[in-house]
Structures are given as C-alpha cells and as structure tokens.
Amino acid sequence: MVQYSSERLDSVFGAISDPTRRAILQELGQHPSRVTDIAKRFPVSLNAVSKHLIVLEKAGLVTREVKGREHTCKLNLDPLTEASGWITEMTKFWSIRLDELERHILEGRNNG
C-alpha cells in the first residue's frame, strides 16, 4: 500500500469540501484565469474569492503567476491525483474486507 501524507490529504479534502472552491477548480480546469476574471463568475466579493484561492494554493491545487498587478491562476492536478489514488486504495481495501465478512457470515449460516 502506498504511503500518503496525511497532512496533504487533509489539505486537499478540506479545500475541495467547499462548493465555491470546487467550482473555481472546475473553471480553472477549462483554462488558467486571472483572479479578477474568476471573481466575476461568482456571487461573492473579490476578497472572498482571493481567500478561496489561498486555500486552494495551500493545498497545492492552484498555482499563481504574478506579472505586475495581474495574478493568473491555473489548476495543478497532482494533489487531486494523489487523493484519487488514496480513495481507490481505500475502496479496494474495504471491498476485500466486506467480501471476507460476507463470506464469513455465509459460512456461519451454512454451518449452523
């Protein structure tokens, strides 16, 4: 089983737990965008969008390029790929365990 950084997974799952941040990630999945352009698409203030972007940046999901006064953000899929890998491993792990439990229960019924 691959070792995953608990801190990094916590950060990613915390970041994507908010619907506005997920929507921002979907927007950035289409193309990189300036912060001001991202803010125009949401019914919240520029300051609120900036705070959401900071959370996404801390989780490694967004990178920011600064040129003068323009801040352009783009999606970084690596942390999502890592989180997806963790989910896949947990799904396999629990699927096997549940299959074993079912087999144990069925064997108990047949022997009892």
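Accessible areas here come from the Shrake-Rupley method with a 1.4 Å probe, and for residues only the protein chains shown count as cover. On that basis the accessible surface of the protein comes to about 7800 Å², with 53% of it belonging to carbon and sulfur atoms. The model is a predicted one, so local features need pLDDT of at least 70 and side-chain atom pairs count only at pLDDT 80 or more, while totals for chains, interfaces and linings use all residues. Residues are numbered from 1 along each chain as its sequence is written, and side-chain values use heavy atoms, with hydrogens and water left out.

As for overall shape, the C-alpha trace spans about 75 × 30 × 20 Å along its principal axes. The radius of gyration (taken over C-alpha atoms) is 20 Å, whereas a compact globule of 112 residues would have one near 13 Å; the globule rule is 2.2 Å times the number of residues to the power 0.38. Buried residues make up 21% of the 112, where buried means under 20% relative accessible area, exposed over 50%, and partly exposed in between (1.4 Å probe, protein chains only). Of the contacts (heavy atoms within 4.5 Å) with a separation of 6 or more, 56% come from residues 24 or more positions apart.

Turning to the fold, there are five helices and three strands, that is, DSSP runs numbered from the N terminus, with helices being H or I of at least four residues and strands E of at least two. Read from the N terminus, the order is α-α-β-α-α-β-β-α. Strand 3 (residues 70–75) pairs with strand 1 (residues 33–34) in the antiparallel sense over two bridges; pairing calls for at least two DSSP bridges between the strands. Here arginine 34 sits opposite threonine 72. Strand 2 (residues 62–67) also pairs with strand 3 in the antiparallel sense, over six bridges, and valine 62 faces leucine 75. The hairpin of strands 2 and 3 has two residues between the strands, and glycine 68 takes a positive phi near 65° there.

On the helices, alanine 23 belongs to helix 2 (residues 19–30) and counts as partly exposed because its relative accessibility is 21%. Alanine 23 and phenylalanine 42 are 19 residues apart in sequence, and their C-alpha atoms are 9.1 Å apart. Helix 5 (residues 78–111) holds isoleucine 105, which is partly exposed at 42% relative accessibility. Together with Trp94, Leu98 and Leu101, Ile105 forms a nonpolar surface patch of about 420 Å² accessible area. Patches take residues with over 30% relative accessible area and no salt bridge, joining like charges within 9 Å and nonpolar side chains (Val, Leu, Ile, Met, Phe, Trp, Tyr) within 5 Å; a salt bridge puts a side-chain nitrogen of Lys or Arg within 4 Å of a carboxyl oxygen of Asp or Glu.
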